[in-house]
Amino acid sequence: MRFPTFPTIIRTFYTLSNYTSARLPPHYKAIQPLTRGSILKSMPTIPFLSSLFGTSVPSRNMSSYPTQKTDDEWRAILSKEQFRVLRQQGTEAPFVGKYDKHMPETGVYTCAGCDAPLYTANQKFKSGCGWPAYFDNIPGAVTRHVDNSLGMERTEIVCSNCGGHLGHVFKGEGYPTPTDERHCVNSISMKFSPEDPPVQGKNPDSKV
């Protein structure tokens, strides 16, 4: 028996949620309309889903990254949600991120915390997983760590300049890409520049 993939489980959850909404009597819909967006945004408050899209404070050594800031300094330049994802290894809900369906022909995706370039537009591909997907990163821009949360071993990816949490990388899923890898990245961990940033990852004090 083949265990369904994580994206399949998520899509099934949404299908059931939307089906339930469609079957509700009119007076219930008027009281509490269910939309995919409201379901997704509320998921971190649901106990089971909070373990998937919640926060796991990193235990790794953060002193090895070039850009160093205290938590208070990061909070001063990041939104509350950016801090939760970038600095506390949180995960945004699928299908709601700014860059999920963003498919430019040129440009660079940079770290939302320190502006370091991470991915180029031509490294992005459509995976249907609900998060931005890339088959490779700019050389040296991303660092990998073993992540044993959720009772499984995964590969976490972080910004090599500031250590900000980006997401996870998965191998061997069969996508028709040069590397057969999928860098599954939180939209909120990134910004997009239509042109190459003039300074490569050396602007840690940028206001987000």
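Reader: So where is D115 found?

Author: D115 is in the loop between β1 and β2. Keep in mind that this is a predicted model.

Reader: OK, and what is phi of D115 near?

Author: Phi of D115 is near 75°, which is a positive value in a residue other than glycine. Most residues other than glycine have a negative phi.

Reader: Is D115 buried or exposed?

Author: D115 counts as buried, because its relative accessibility is 12% and the cut-off for buried is under 20%.

Reader: Which other residue has a positive phi, near 55°?

Author: That's D180, again a residue other than glycine. D180 sits in the loop between β7 and β8 (181-185). With a relative accessibility of 28%, D180 counts as partly exposed.

Reader: Back to β1 and β2. How many bridges join them?

Author: Three bridges join β1 to β2, and the two strands run antiparallel. As one example, V108 has T120 in β2 as its bridge partner.

Reader: What order do the strands of that open sheet come in?

Author: The order is β2-β1-β9, three strands with antiparallel pairing. β2 and β9 (190-193) stand at the edges with a single partner strand each, so one side of each has no neighbour in the sheet. From one strand to the next, the twist averages 30°.

Reader: Switching topic: which residues have the most contacts inside the largest nonpolar core?

Author: L118, Y119 and M190 do, in a core of 25 residues. Several elements supply at least two residues each, including α5 (71-77), α6 (80-86), β6 (154-159) and β7 (165-171). The largest share, three residues, comes from β1.

Reader: And what does M190 touch?

Author: Leaving aside residues up to four places away in sequence, M190 touches Y99, Y109, T110, A112, L118, Y119, P132, Y134 and V185.

Reader: Nice. Zooming out, how many helices and strands does the protein have?

Author: The protein has six helices and nine strands. Of its 208 residues, 46% are buried.

Reader: What share of the contacts with a separation of 6 or more comes from residues 24 or more positions apart?

Author: Those residues account for 61% of such contacts in the protein.

Reader: Last one: what does the accessible surface come to?

Author: About 11,500 Å², and 56% of that belongs to carbon and sulfur atoms.

Terms used: Residues numbered from 1 in each chain as written. Predicted model: local features only at pLDDT ≥ 70, side-chain atom pairs only at ≥ 80, totals over all residues. Heavy atoms only, no water. Core = buried A, V, L, I, M, F, W, Y, C linked by side-chain atoms within 4.5 Å. Buried < 20%, exposed > 50% of the residue type's maximum accessible area, 1.4 Å probe, protein only. Helix = DSSP H or I, 4+ residues; strand = E, 2+ residues; numbered from the N terminus. Contact = heavy atoms within 4.5 Å. Areas by Shrake-Rupley, 256 points an atom, 1.4 Å probe, with all protein chains shown as cover. Pairing = 2+ DSSP bridges. Axes fitted to C-alpha atoms, helices over the stretch in contact; angles between N-to-C directions.
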